[in-house]
Amino acid sequence: MILPIVLYLVMALSLFWTTNFQLSVVALKKESVFILLPLTFMFLPRLESIKVYKIIRLYSFSVIIFAIYCFVRAIINFSILKTKDVFLFHNLVTLDLNAIYIAAFSSLSLFYFIILKNKKLIDYFGIYILAIFIILLNSKTVFFIDFLLLIWYYIFFSKTNLGVKSITIIFVTTFLLLSIFFSNQLQERIKEEYETSFVDNTIYKYSDSNNKAYNVSLHQAWTNKEFQKNSFFPGTAYRVFQARIFKELLVEQKNIWLIGYGINASDEAIKEKHKQYNLFKEYNYHNFHNQYIQFFAELGIFGLLIFLTMLFLNLNNAIKKKDFLHIAFAVTMIILFLTESLLCRQRGIVFFIILYCLFNSTNYKLNLTQQK
(Lines give C-alpha, C1' and ligand atoms only; values in the text may rest on other atoms or scores of the structure.)
Protein backbone atom coordinates (compact mmCIF):
# COMPACT_ATOMS: atom_id res chain seq x y z
CA MET A 1 0.00 0.00 0.00
CA ILE A 2 2.96 2.33 0.47
CA LEU A 3 4.02 2.43 -3.20
CA PRO A 4 0.92 4.18 -4.64
CA ILE A 5 1.13 6.67 -1.75
CA VAL A 6 4.78 7.39 -2.59
CA LEU A 7 3.85 7.75 -6.27
CA TYR A 8 1.20 10.32 -5.35
CA LEU A 9 3.72 12.24 -3.23
CA VAL A 10 6.01 12.42 -6.27
CA MET A 11 3.04 13.77 -8.25
CA ALA A 12 2.51 16.40 -5.55
CA LEU A 13 6.21 17.31 -5.49
CA SER A 14 6.08 17.90 -9.24
CA LEU A 15 4.10 21.07 -8.50
CA PHE A 16 7.45 22.68 -7.68
CA TRP A 17 8.77 22.23 -11.24
CA THR A 18 5.68 21.67 -13.37
CA THR A 19 5.49 23.54 -16.68
CA ASN A 20 1.72 23.99 -16.21
CA PHE A 21 0.73 24.54 -12.57
CA GLN A 22 -3.03 24.70 -13.22
CA LEU A 23 -3.16 21.40 -15.13
CA SER A 24 -1.06 19.71 -12.45
CA VAL A 25 -3.37 20.86 -9.66
CA VAL A 26 -6.37 19.49 -11.57
CA ALA A 27 -4.52 16.18 -12.02
CA LEU A 28 -3.69 15.92 -8.32
CA LYS A 29 -7.40 16.10 -7.49
CA LYS A 30 -8.13 13.39 -10.04
CA GLU A 31 -5.24 11.18 -8.90
CA SER A 32 -6.06 11.60 -5.17
CA VAL A 33 -7.36 8.01 -4.97
CA PHE A 34 -3.68 6.95 -5.21
CA ILE A 35 -3.28 8.16 -1.63
CA LEU A 36 -6.83 7.96 -0.21
CA LEU A 37 -7.64 4.34 -1.02
CA PRO A 38 -4.28 2.81 0.05
CA LEU A 39 -4.45 4.76 3.34
CA THR A 40 -7.98 3.44 3.88
CA PHE A 41 -6.90 -0.15 3.24
CA MET A 42 -3.91 0.23 5.57
CA PHE A 43 -6.26 0.96 8.48
CA LEU A 44 -8.78 -1.75 7.61
CA PRO A 45 -8.49 -5.40 8.70
CA ARG A 46 -7.01 -7.60 5.98
CA LEU A 47 -9.81 -8.98 3.82
CA GLU A 48 -10.44 -12.68 3.37
CA SER A 49 -10.29 -13.82 -0.25
CA ILE A 50 -13.90 -15.05 -0.11
CA LYS A 51 -15.03 -11.48 0.68
CA VAL A 52 -12.94 -10.05 -2.14
CA TYR A 53 -14.58 -12.49 -4.54
CA LYS A 54 -18.04 -11.49 -3.27
CA ILE A 55 -17.19 -7.88 -4.08
CA ILE A 56 -15.99 -8.88 -7.57
CA ARG A 57 -19.15 -10.97 -8.07
CA LEU A 58 -21.32 -7.92 -7.38
CA TYR A 59 -19.11 -5.86 -9.68
CA SER A 60 -19.39 -8.51 -12.42
CA PHE A 61 -23.19 -8.53 -12.31
CA SER A 62 -23.18 -4.73 -12.53
CA VAL A 63 -21.10 -5.03 -15.73
CA ILE A 64 -23.68 -7.51 -17.11
CA ILE A 65 -26.49 -5.02 -16.38
CA PHE A 66 -24.49 -2.29 -18.13
CA ALA A 67 -23.85 -4.59 -21.13
CA ILE A 68 -27.58 -5.35 -21.44
CA TYR A 69 -28.32 -1.62 -21.27
CA CYS A 70 -25.83 -1.02 -24.12
CA PHE A 71 -27.44 -3.80 -26.18
CA VAL A 72 -30.92 -2.29 -25.72
CA ARG A 73 -29.61 1.18 -26.55
CA ALA A 74 -27.93 -0.18 -29.71
CA ILE A 75 -31.14 -1.94 -30.79
CA ILE A 76 -33.08 1.32 -30.44
CA ASN A 77 -30.38 3.21 -32.40
CA PHE A 78 -30.42 0.49 -35.07
CA SER A 79 -34.20 0.89 -35.51
CA ILE A 80 -33.62 4.61 -36.15
CA LEU A 81 -30.32 4.69 -38.08
CA LYS A 82 -30.52 1.29 -39.85
CA THR A 83 -26.79 0.65 -39.54
CA LYS A 84 -25.13 -2.25 -37.71
CA ASP A 85 -22.25 0.02 -36.70
CA VAL A 86 -24.29 1.03 -33.64
CA PHE A 87 -23.47 -2.43 -32.20
CA LEU A 88 -19.71 -2.07 -32.62
CA PHE A 89 -16.67 -0.47 -30.99
CA HIS A 90 -17.12 3.05 -29.53
CA ASN A 91 -20.67 3.30 -30.93
CA LEU A 92 -21.82 0.57 -28.55
CA VAL A 93 -20.69 2.41 -25.39
CA THR A 94 -20.02 5.96 -26.71
CA LEU A 95 -16.61 7.42 -27.54
CA ASP A 96 -16.48 9.23 -24.20
CA LEU A 97 -16.62 5.97 -22.23
CA ASN A 98 -14.25 4.35 -24.77
CA ALA A 99 -14.62 0.76 -26.00
CA ILE A 100 -11.06 -0.20 -24.98
CA TYR A 101 -11.61 0.83 -21.35
CA ILE A 102 -14.99 -0.92 -21.13
CA ALA A 103 -13.59 -4.08 -22.76
CA ALA A 104 -10.82 -4.21 -20.14
CA PHE A 105 -13.29 -3.65 -17.29
CA SER A 106 -15.58 -6.36 -18.69
CA SER A 107 -12.77 -8.88 -19.13
CA LEU A 108 -12.19 -9.12 -15.37
CA SER A 109 -15.88 -10.01 -14.94
CA LEU A 110 -15.68 -12.58 -17.73
CA PHE A 111 -12.73 -14.33 -16.07
CA TYR A 112 -14.52 -14.27 -12.72
CA PHE A 113 -17.37 -16.35 -14.19
CA ILE A 114 -14.99 -18.61 -16.13
CA ILE A 115 -12.97 -19.67 -13.05
CA LEU A 116 -16.04 -20.41 -10.87
CA LYS A 117 -15.95 -24.10 -9.93
CA ASN A 118 -19.68 -24.71 -9.40
CA LYS A 119 -21.36 -22.59 -12.01
CA LYS A 120 -25.08 -21.92 -11.93
CA LEU A 121 -27.27 -21.11 -14.90
CA ILE A 122 -26.93 -17.38 -14.20
CA ASP A 123 -23.12 -17.72 -14.25
CA TYR A 124 -23.21 -19.31 -17.71
CA PHE A 125 -25.54 -16.49 -18.76
CA GLY A 126 -22.91 -14.04 -17.51
CA ILE A 127 -20.18 -15.71 -19.60
CA TYR A 128 -22.40 -15.61 -22.69
CA ILE A 129 -23.37 -11.92 -22.30
CA LEU A 130 -19.86 -10.71 -21.46
CA ALA A 131 -18.20 -12.70 -24.27
CA ILE A 132 -20.57 -11.16 -26.83
CA PHE A 133 -20.10 -7.71 -25.29
CA ILE A 134 -16.29 -7.91 -25.45
CA ILE A 135 -16.37 -9.22 -29.04
CA LEU A 136 -18.64 -6.35 -30.15
CA LEU A 137 -16.37 -3.80 -28.44
CA ASN A 138 -13.74 -4.80 -31.03
CA SER A 139 -10.60 -3.98 -29.04
CA LYS A 140 -7.65 -5.75 -30.69
CA THR A 141 -5.48 -5.35 -27.59
CA VAL A 142 -8.08 -6.76 -25.20
CA PHE A 143 -8.80 -9.61 -27.65
CA PHE A 144 -5.11 -10.51 -27.61
CA ILE A 145 -4.82 -10.29 -23.80
CA ASP A 146 -7.97 -12.33 -23.16
CA PHE A 147 -6.90 -15.04 -25.59
CA LEU A 148 -3.51 -15.42 -23.88
CA LEU A 149 -5.10 -15.51 -20.43
CA LEU A 150 -7.70 -18.10 -21.46
CA ILE A 151 -4.99 -20.42 -22.78
CA TRP A 152 -2.91 -19.80 -19.63
CA TYR A 153 -5.89 -20.64 -17.42
CA TYR A 154 -6.83 -23.89 -19.15
CA ILE A 155 -3.22 -25.13 -19.30
CA PHE A 156 -2.06 -24.27 -15.77
CA PHE A 157 -5.10 -23.62 -13.54
CA SER A 158 -8.07 -25.62 -14.78
CA LYS A 159 -8.65 -28.87 -12.83
CA THR A 160 -10.21 -30.66 -15.80
CA ASN A 161 -8.44 -33.62 -17.43
CA LEU A 162 -6.05 -33.24 -20.37
CA GLY A 163 -8.64 -34.24 -22.99
CA VAL A 164 -11.17 -31.65 -21.82
CA LYS A 165 -8.40 -29.01 -21.62
CA SER A 166 -7.35 -29.73 -25.20
CA ILE A 167 -10.94 -29.57 -26.48
CA THR A 168 -11.54 -26.32 -24.58
CA ILE A 169 -8.38 -24.69 -25.98
CA ILE A 170 -9.36 -25.76 -29.52
CA PHE A 171 -12.89 -24.43 -28.95
CA VAL A 172 -11.65 -21.09 -27.58
CA THR A 173 -9.21 -20.66 -30.48
CA THR A 174 -11.90 -21.54 -33.03
CA PHE A 175 -14.37 -19.20 -31.34
CA LEU A 176 -11.85 -16.35 -31.49
CA LEU A 177 -11.07 -16.95 -35.17
CA LEU A 178 -14.78 -17.16 -36.05
CA SER A 179 -15.43 -13.96 -34.09
CA ILE A 180 -12.83 -12.19 -36.20
CA PHE A 181 -14.17 -13.80 -39.39
CA PHE A 182 -17.75 -12.65 -38.78
CA SER A 183 -16.81 -9.19 -37.51
CA ASN A 184 -16.20 -7.11 -40.62
CA GLN A 185 -15.16 -4.06 -38.63
CA LEU A 186 -12.57 -6.00 -36.63
CA GLN A 187 -11.29 -7.60 -39.85
CA GLU A 188 -10.92 -4.16 -41.41
CA ARG A 189 -9.08 -2.80 -38.37
CA ILE A 190 -6.67 -5.75 -38.29
CA LYS A 191 -6.16 -5.52 -42.05
CA GLU A 192 -5.55 -1.77 -41.80
CA GLU A 193 -2.97 -2.26 -39.04
CA TYR A 194 -1.23 -5.02 -41.01
CA GLU A 195 -1.12 -3.11 -44.29
CA THR A 196 0.00 0.16 -42.77
CA SER A 197 2.76 -1.58 -40.83
CA PHE A 198 4.64 -2.28 -44.04
CA VAL A 199 3.13 -0.21 -46.87
CA ASP A 200 3.38 3.58 -47.15
CA ASN A 201 0.48 5.83 -48.21
CA THR A 202 -2.37 3.34 -48.43
CA ILE A 203 -5.71 5.14 -48.84
CA TYR A 204 -7.69 5.70 -45.65
CA LYS A 205 -10.95 3.77 -46.05
CA TYR A 206 -13.23 6.62 -44.90
CA SER A 207 -11.62 9.33 -47.01
CA ASP A 208 -13.67 11.44 -49.38
CA SER A 209 -13.32 10.67 -53.10
CA ASN A 210 -12.42 14.30 -53.77
CA ASN A 211 -10.14 14.75 -50.75
CA LYS A 212 -8.36 11.48 -50.17
CA ALA A 213 -6.63 10.78 -46.84
CA TYR A 214 -3.62 8.49 -46.62
CA ASN A 215 -2.64 6.10 -43.85
CA VAL A 216 0.71 6.65 -42.17
CA SER A 217 2.90 3.52 -41.97
CA LEU A 218 5.08 2.61 -38.98
CA HIS A 219 8.18 3.60 -40.95
CA GLN A 220 6.70 6.99 -41.86
CA ALA A 221 5.54 7.59 -38.29
CA TRP A 222 9.11 7.13 -37.06
CA THR A 223 11.03 8.89 -39.86
CA ASN A 224 8.93 11.49 -41.72
CA LYS A 225 10.11 15.07 -41.23
CA GLU A 226 6.62 16.41 -41.92
CA PHE A 227 3.08 15.14 -42.44
CA GLN A 228 0.15 16.44 -44.45
CA LYS A 229 -3.24 17.58 -43.22
CA ASN A 230 -4.74 14.49 -44.88
CA SER A 231 -2.36 12.09 -43.13
CA PHE A 232 -4.26 9.58 -40.99
CA PHE A 233 -2.55 7.66 -38.17
CA PRO A 234 -3.85 4.12 -37.52
CA GLY A 235 -3.61 3.06 -33.87
CA THR A 236 -0.16 1.46 -33.91
CA ALA A 237 1.38 4.14 -36.13
CA TYR A 238 0.07 6.88 -33.83
CA ARG A 239 1.62 5.19 -30.79
CA VAL A 240 4.93 4.82 -32.64
CA PHE A 241 4.83 8.53 -33.48
CA GLN A 242 4.10 9.43 -29.84
CA ALA A 243 7.07 7.33 -28.70
CA ARG A 244 9.19 9.11 -31.31
CA ILE A 245 8.31 12.59 -30.11
CA PHE A 246 9.00 11.55 -26.51
CA LYS A 247 12.47 10.39 -27.57
CA GLU A 248 13.02 13.77 -29.22
CA LEU A 249 11.81 15.63 -26.13
CA LEU A 250 14.29 13.70 -23.99
CA VAL A 251 17.12 14.83 -26.28
CA GLU A 252 15.95 18.45 -26.59
CA GLN A 253 15.21 19.03 -22.89
CA LYS A 254 17.97 17.43 -20.85
CA ASN A 255 16.28 17.50 -17.42
CA ILE A 256 13.05 15.79 -18.51
CA TRP A 257 14.38 12.26 -17.90
CA LEU A 258 15.10 13.16 -14.26
CA ILE A 259 12.08 15.21 -13.10
CA GLY A 260 9.61 15.28 -16.00
CA TYR A 261 7.23 18.07 -17.02
CA GLY A 262 5.06 17.66 -13.92
CA ILE A 263 1.92 15.59 -13.53
CA ASN A 264 -0.49 16.14 -16.44
CA ALA A 265 1.78 18.88 -17.83
CA SER A 266 3.11 17.09 -20.92
CA ASP A 267 0.12 18.04 -23.10
CA GLU A 268 1.62 21.34 -24.23
CA ALA A 269 4.88 19.67 -25.28
CA ILE A 270 2.90 17.10 -27.28
CA LYS A 271 0.87 19.84 -28.98
CA GLU A 272 4.01 21.76 -29.94
CA LYS A 273 5.51 18.63 -31.49
CA HIS A 274 2.30 18.00 -33.41
CA LYS A 275 2.43 21.55 -34.78
CA GLN A 276 6.08 21.05 -35.72
CA TYR A 277 5.15 17.99 -37.79
CA ASN A 278 2.05 19.64 -39.25
CA LEU A 279 -0.42 17.13 -37.84
CA PHE A 280 -4.14 17.65 -38.22
CA LYS A 281 -5.31 19.68 -35.19
CA GLU A 282 -7.51 16.87 -33.82
CA TYR A 283 -4.38 14.95 -32.78
CA ASN A 284 -3.28 17.80 -30.51
CA TYR A 285 -5.66 16.67 -27.78
CA HIS A 286 -4.24 13.19 -27.30
CA ASN A 287 -1.79 11.98 -24.67
CA PHE A 288 1.15 9.60 -25.19
CA HIS A 289 -1.16 6.54 -25.29
CA ASN A 290 1.43 4.66 -23.24
CA GLN A 291 1.29 4.84 -19.45
CA TYR A 292 4.99 4.06 -19.02
CA ILE A 293 5.99 6.94 -21.30
CA GLN A 294 3.35 9.14 -19.68
CA PHE A 295 4.83 8.72 -16.19
CA PHE A 296 8.40 8.99 -17.50
CA ALA A 297 7.54 12.25 -19.29
CA GLU A 298 5.65 13.77 -16.36
CA LEU A 299 7.40 12.39 -13.24
CA GLY A 300 10.84 11.49 -14.53
CA ILE A 301 12.79 8.30 -13.98
CA PHE A 302 11.92 8.01 -10.26
CA GLY A 303 8.18 8.19 -10.92
CA LEU A 304 8.52 5.54 -13.62
CA LEU A 305 10.57 3.22 -11.36
CA ILE A 306 7.99 3.47 -8.55
CA PHE A 307 5.22 2.63 -11.00
CA LEU A 308 7.16 -0.33 -12.46
CA THR A 309 7.82 -1.63 -8.94
CA MET A 310 4.09 -1.47 -8.21
CA LEU A 311 3.31 -3.52 -11.30
CA PHE A 312 6.08 -6.05 -10.58
CA LEU A 313 4.99 -6.61 -6.96
CA ASN A 314 1.35 -6.84 -8.02
CA LEU A 315 2.16 -9.60 -10.55
CA ASN A 316 4.58 -11.31 -8.15
CA ASN A 317 1.94 -11.44 -5.40
CA ALA A 318 -0.63 -12.83 -7.85
CA ILE A 319 1.70 -15.63 -8.99
CA LYS A 320 2.78 -16.50 -5.42
CA LYS A 321 -0.87 -16.75 -4.31
CA LYS A 322 -1.78 -18.72 -7.46
CA ASP A 323 -4.87 -16.53 -7.76
CA PHE A 324 -5.78 -16.54 -11.45
CA LEU A 325 -8.16 -13.57 -11.22
CA HIS A 326 -5.39 -11.50 -9.65
CA ILE A 327 -3.01 -12.72 -12.38
CA ALA A 328 -5.55 -11.76 -15.07
CA PHE A 329 -5.81 -8.26 -13.58
CA ALA A 330 -2.02 -7.85 -13.28
CA VAL A 331 -1.26 -9.08 -16.82
CA THR A 332 -4.10 -7.06 -18.38
CA MET A 333 -2.83 -3.86 -16.78
CA ILE A 334 0.83 -4.46 -17.74
CA ILE A 335 -0.04 -5.02 -21.41
CA LEU A 336 -2.78 -2.39 -21.64
CA PHE A 337 -0.45 0.27 -20.23
CA LEU A 338 1.68 -0.23 -23.36
CA THR A 339 -1.11 1.08 -25.59
CA GLU A 340 -3.17 3.35 -23.30
CA SER A 341 -2.48 6.10 -20.78
CA LEU A 342 -5.13 4.48 -18.61
CA LEU A 343 -4.25 6.46 -15.48
CA CYS A 344 -4.93 9.81 -17.17
CA ARG A 345 -8.67 9.08 -16.95
CA GLN A 346 -10.72 9.00 -13.74
CA ARG A 347 -12.36 5.66 -14.58
CA GLY A 348 -8.98 4.08 -15.32
CA ILE A 349 -7.46 5.39 -12.09
CA VAL A 350 -10.34 4.17 -9.91
CA PHE A 351 -10.51 0.74 -11.60
CA PHE A 352 -6.77 0.14 -11.26
CA ILE A 353 -6.22 1.37 -7.71
CA ILE A 354 -9.32 -0.27 -6.17
CA LEU A 355 -8.42 -3.68 -7.58
CA TYR A 356 -4.73 -3.18 -6.77
CA CYS A 357 -5.67 -2.54 -3.13
CA LEU A 358 -8.28 -5.31 -2.98
CA PHE A 359 -6.02 -8.03 -4.36
CA ASN A 360 -2.89 -7.00 -2.47
CA SER A 361 -4.57 -6.65 0.93
CA THR A 362 -6.15 -10.12 0.92
CA ASN A 363 -5.33 -12.47 3.79
CA TYR A 364 -4.84 -15.75 1.94
CA LYS A 365 -3.07 -17.47 4.87
CA LEU A 366 -6.16 -17.03 7.03
CA ASN A 367 -8.34 -18.65 4.38
CA LEU A 368 -5.99 -21.62 3.97
CA THR A 369 -6.07 -22.19 7.73
CA GLN A 370 -9.86 -22.03 7.79
CA GLN A 371 -10.12 -24.49 4.88
CA LYS A 372 -7.91 -26.99 6.71
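Is K273 buried or exposed? I looked it up: K273 is buried, at a relative accessible area of 3%. Buried means under 20%, exposed over 50%, partly exposed in between (1.4 Å probe, protein chains only).

I noted the ground rules. The model is predicted, so local features need pLDDT of at least 70 and side-chain atom pairs pLDDT 80 or more, while totals for chains, interfaces and linings use all residues. Residues are numbered from 1 along each chain as its sequence is written, and side-chain values use heavy atoms, without hydrogens and water.

**Salt bridges.** I searched the whole structure and found 6. The criterion is a side-chain nitrogen of Lys or Arg within 4 Å of a carboxyl oxygen of Asp or Glu.

K273 pairs with E248, closest N and O atoms 2.9 Å apart. The pair links K273 in helix 14 to E248 in helix 12, 25 residues apart. Helices are DSSP runs (H or I, at least four residues), numbered from the N terminus. Shared partners join R244, E248, E252 and K273 into one network. E248 also counts as buried, at 14%.

I then checked R57, which bridges to D123 at 3.1 Å. This pair links helix 4 to helix 7, 66 residues apart. R57 is partly exposed at 23%; D123 is buried at 2%.

**Q242.** I found Q242 in helix 12, buried at 0%. Its side chain makes a polar contact with the side chain of H274 at 3.0 Å. For such a contact I took N or O atoms within 3.5 Å, one able to donate a hydrogen and the other to accept it; residues adjacent in sequence count only if both atoms are side-chain atoms.

Conventions
Helix = DSSP H or I, 4+ residues; strand = E, 2+ residues; numbered from the N terminus.
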